[in-house]
Each structure stands twice: as structure tokens, then as C-alpha cells.
Amino acid sequence: MSIASGGASAATDLDNDVAFGQKAQLQTKAYRTSMSLAMNDTSMLSPAAATSTAEIRKCFPALERTHNGYPVAYFDGPGGTQVPRTVVEAMNNYLYHRNANTHWAYPTSEETDAIIDSARSALADFLNASPTEIVFGANMTTLTFHLARALSRGYKRDDEILVTELDHHANIAPWRTLERETGVNVRMVKMIPETGELDWNDFSRQLTRHTKLVAIAAASNALGTINDVRRAGEMAHSLGAQIFVDAVHYAPHGLIDVRDWNCDFLACSAYKVYGPHIGILYGRHDLLSSIDFPKLIPAPDSAPERAETGTQNHEGIAGAAAAVDFLASLAPGPARRERLHAALAQLHERGDALITRLWNGLHEIESVRLYGPPPGTARTPTIAFTVNGVPSIEVAEKLVGRGVFLSHGDFYAMTVVERLGQTPHGLVRAGCACYTTSEEVDRLLAGVRGLSTAR
Ligand SMILES: Cc1ncc(COP(=O)(O)O)c(C=O)c1O
């Protein structure tokens, strides 16, 4: 763990680690008591326990970048977050000193095996899974296509799969492909455009005894809406269907719990959670062990490796584990999962405050239209908006002048944008991350205000 500042020497890093470790130990005692009292009650956690935004910012070299005289404000986290130094160091360390292929009898290969095993444990802590339930792959999209193909070997014509209008197309297209290949029917649950929420009445209507799988996002990457996936899982399981959760957008904003959510499968991407470009698939161990995954005969037959194809991105795996450890380093606690719990509870609270400021500020600008659920409801700190008469790409281009980087378009959540009637220009999307400050929010607001008055 390191929260060392930019350009610090190795000795300084170590000093910081030791200092933080001692502070953490002191805080741990009080924290452990509160944790044992209330594992799930975030209100029991002392806000002082987590690392401040100012300290967090020192971990990200990207924040030293300036544009047009402004420090860059990265609101593009929903498209990919910035990466802390420790993650890059873990990847460098792997490539410089341990680079090898797996399962051979010499030190660098053994070290590679150990790094992958330890990364599975880190990701298992992140998701509350077992290490043998963690599958690595190129990205969420590729892993989902792979899983869909494997599951389809057990499907028959007229079986049904439920997807939702709120989803990124990475959680639609892999299932739609099976319509052509296997003859299954894909049914789409409606969203409510006015609220940006899922239409649960439609969900109940569409779920039938023919449903084999419900594919649903934990949170919408376009609107920030958080879906009640536990409820979706209960409903699916009551009719004998399985549930696949796309947690890509949710992962940096709340602690995932595959056991509590009762997921059969869940996917996320490390590059949305301060890590490198690599995907992670959770599958219940009995399912990963029994599904007929396409695989090479000589490749391992046991879970989780039987679900992985070819040589993995070892440095990416090392980086994904370091990203989990980075998050866990932001709050003290007796075990990694508990530190993650405390850190994400704090980040969620900070994100709520930032998004309330941003939403209220945008709301006051007459020409701005906001989409999705308002603050105070189940949402991530991601906001979608449009400015009357200004195409979303122009909004993004103009804000660059103030050093504000944000995304525009459909973010591959194409159906959401269609249902909101916002094709072809799409939406402007601003997402807060662990390094976002209220000054940056105010700069974004000033930029949008300036844009409206300039027209
Ligand atoms: C909600 C959501 N699901 C899936 C994806 C696709 O993830 P990947 O790029 O890892 O395939 C994204 C990427 O933006 C996303 O936001």
C-alpha cells in the first residue's frame, strides 16, 4: 500500500507506508469494534478513517497534467478512470522482473503463477467470492461473448433470455447473438425514460418459466441509475433462471457482494476501477466447473482456468490486483474486504455530495436538461445532460478549454439514448471518481453556464 506523493523516492514511499501503517493500526482498533457490530452499517464508520481526497490525488500522476492553464479535471471515469502509481508499479515490476508463462518449473514461471493466484484472491475479496470463481479476460465484452457462447450449448430453441433497455450493449449483443445461433428468444425489459429507472412491472411481465437467464446491469453507465439486482436475482431464481450482472459501472462506486446479491455470474472491468485494461468474470464455482466452455484440450480442466482462453494478460492481472489494494489502502481495517467496505462507503458518500452539487448547479441553468434519477435516490455519481441547441460533442469540446475532460455520445448504451429521444447527438456525461473535487465540479458548472450565455 502506498499513498506516497508524486516523485517521492523509494525511501519516502517506505516511510509513508510505515507511517500510514501505524496510523492504520491505531484506527483499526476502534474500527474493528464498529465493524463487528455492524458489518453492513456504513453509518457506524468514522469519516475520519478514510484517506482524504487531497491525499488520494497525490497517488495519480495524471492529475499533474494541465490544459490551457488549468489542471485537468477528469470527469471521464465512467469511460475509464485514471491509474494510481502503485498499479503501474505492479505492472512494471511484473514485466521487468517476473515475466514468464505459467505452470513451469523455474522461478519466474512460479512467480507468475503466484502473482495470478494472489490476484484471484484480491479480486475474490473485491467481489466476496472465492479465488477459484475469478476468471480473467480481455475485457467485459469479450468475457460476456465467451460466457454466452458457452451457456448457449445448454440452451434450446424457445428458451428465453431477459435483457434490459438500460444496459450497455456489451450486456445485450452477446445474448442477441444467440438468437441467430441457437434460436433462443431475447426479450427486452423497458426502462422508464422520465426517471431513468427500470420498469419493474415490465420485468415481472417478461420473466417467464421459459427464461433461462436474466442479464442486467448493477448500474447504468449512461444515467447512473442503480438497479436492485438482488431483487432481480430473487425473481429470476424463483422461476429457475440464472442471473448475469454487469457490474462494470457500479464497481468503483459501491462494494459488490456476489453472495449477498446471489449472482450466478458477474462481470466488471479493472480499467473502470483505477486499474489496467482487463476484464474480470465471476462465476459460481459449480457453474464454472460444469459449463461447457470452448477450450483447448491441453488447457487446464478445472475452474477457473477452464473458462479462460490462451495466455492471459499477466501484467494486467497484476495491475488489477494492485487496483484492489489501492482501494483497500484508502481506509483502515483488519482485513482487505473490510478495508474495501470502509473505503467504498466513504467514496460513495463523497460521490453523493459531489453529484448533488453538480446536479443542483446544472438544474439552475435554464438551457440544461438533466436525465436519470436525481440525487438522494439509488444512483452512482454519474450525470447525463444536454444543453439546448448545442450538440453534445460541442459541449465536450468547449469544456476542454477549461481543462474539463468529459465524454459525449451514447457510451454504447445506445438504447437508453434512443429511448430518451437523444439520437444522433447523444448525451454529455460527467462522472465523479475518487479524485474529483468540488472545485472541479464548480469549474464544470462555470463552463456550462458560459456555454449557455454565449449563445
Ligand atoms: C456498464 C458497462 N458495461 C460494459 C462495458 C464494456 O466493458 P469493456 O470495455 O470492459 O468490454 C462498459 C464500458 O463502458 C460499461 O460501462
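Helix axes here are lines fitted to C-alpha atoms over the stretch in contact, and the angles between them run from 0 to 180 degrees between N-to-C directions. On that basis, helix α5 (residues 140-152) and helix α6 (residues 173-182) cross at roughly 35 degrees, with their axes coming within 9 Å. The model is predicted. Its protein chain holds 14 helices and 17 strands, and 49% of the 455 residues count as buried.

**Confidence and overall fold**

- The protein chain has a mean pLDDT of 90, and 88% of its residues reach 70 or more.
- Residues 1-48 have a pLDDT below 50, and this stretch has 44 contacts in the model beyond near neighbours in sequence.
- Where pLDDT is low, the predicted coordinates should not be read in detail.
- Of the contacts in the protein chain between residues at least 6 apart in sequence, 69% join residues at least 24 apart.

**Ligand surroundings**

- The ligand has 13 residues around it, and those that come nearest are Asn-139, Met-140, Thr-141, Asn-221 and Ser-269.
- The shell around the ligand consists of eight polar, four nonpolar and one charged residues.

**The α5 and α6 pair**

- The crossing in which α5 passes α6 is right-handed.
- On the α5 side, the contact is made by Thr-144, Phe-145, Ala-148 and Ser-152.
- On the α6 side, Pro-174, Trp-175, Thr-177, Leu-178, Glu-181 and Thr-182 take part.
- Sorted by class, the residues of this contact are five nonpolar, four polar and one charged.

**Arg-429 in strand β17**

- Arg-429 is part of strand β17 (residues 427-431).
- Arg-429 counts as buried because it has 28 C-beta neighbours inside 10 Å, and the cut-off for buried is 20 or more.
- Not counting residues up to four places away in sequence, Arg-429 touches Pro-78, Ala-222, Thr-382, Ala-384, Leu-406, Ser-407, His-408 and Phe-411.
- Phe-385 is 44 residues from Arg-429 along the chain, and their C-alpha atoms are separated by 6.6 Å.

**Phe-126 in helix α4**

- Phe-126 belongs to helix α4, which spans residues 107-127.
- Phe-126 counts as buried because 29 C-beta neighbours lie inside 10 Å.
- Its contacts, leaving aside neighbours within four places in sequence, are with Ile-256, Val-324 and Leu-340.
- Phe-126 and His-341 are 215 residues apart in sequence, but their C-alpha atoms are 9.0 Å apart in space.

**Gly-447 in helix α14**

- Gly-447 sits in helix α14 (residues 438-453).
- Gly-447 has 19 C-beta neighbours inside 10 Å, so it counts as partly exposed; a buried residue would need 20 or more.
- Beyond neighbours within four places in sequence, Gly-447 is in contact with Lys-398, Leu-399, Arg-402 and Val-404.

**Backbone exceptions**

- Most residues other than glycine have a negative phi, and most peptide bonds are trans.
- Ala-303 and Pro-304 are joined by a cis peptide bond with omega of about 5 degrees.
- Pro-304 is placed in the loop between α9 (285-290) and α10 (314-328).
- Another cis peptide bond, with omega of about 0 degrees, joins Thr-423 and Pro-424.
- Pro-424 is found in the loop between α13 (414-419) and β17.
- His-103, a residue other than glycine, has a positive phi, near 65 degrees.
- The loop between α3 (85-97) and α4 (107-127) contains His-103.
- His-103 is exposed because 11 other C-beta atoms lie within 10 Å, and the cut-off for exposed is 12 or fewer.
- Tyr-412 also has a positive phi, near 65 degrees.
- Tyr-412 lies in the loop between β16 (407-409) and α13.
- With 19 other C-beta atoms within 10 Å, Tyr-412 is partly exposed.

Note on methods: Residues are numbered from 1 along each chain as its sequence is written. This is a predicted model: local features need pLDDT of at least 70, side-chain atom pairs count only at pLDDT 80 or more; totals for chains, interfaces and linings use all residues. Helices (H or I, at least four residues) and strands (E, at least two) are DSSP runs, numbered from the N terminus. Two residues are in contact if their C-beta atoms, placed from the backbone, lie within 7 Å. A residue is near a molecule or strand if its C-beta atom, placed from the backbone, lies within 6 Å of it. Ala, Val, Leu, Ile, Met, Phe, Trp, Tyr, Cys and Pro count as nonpolar, Asp, Glu, Lys and Arg as charged, and the others, Gly among them, as polar. A crossing is left-handed if the near helix is turned anticlockwise from the far one by less than a right angle, and right-handed if clockwise. pLDDT is the predictor's confidence in each residue, from 0 to 100.
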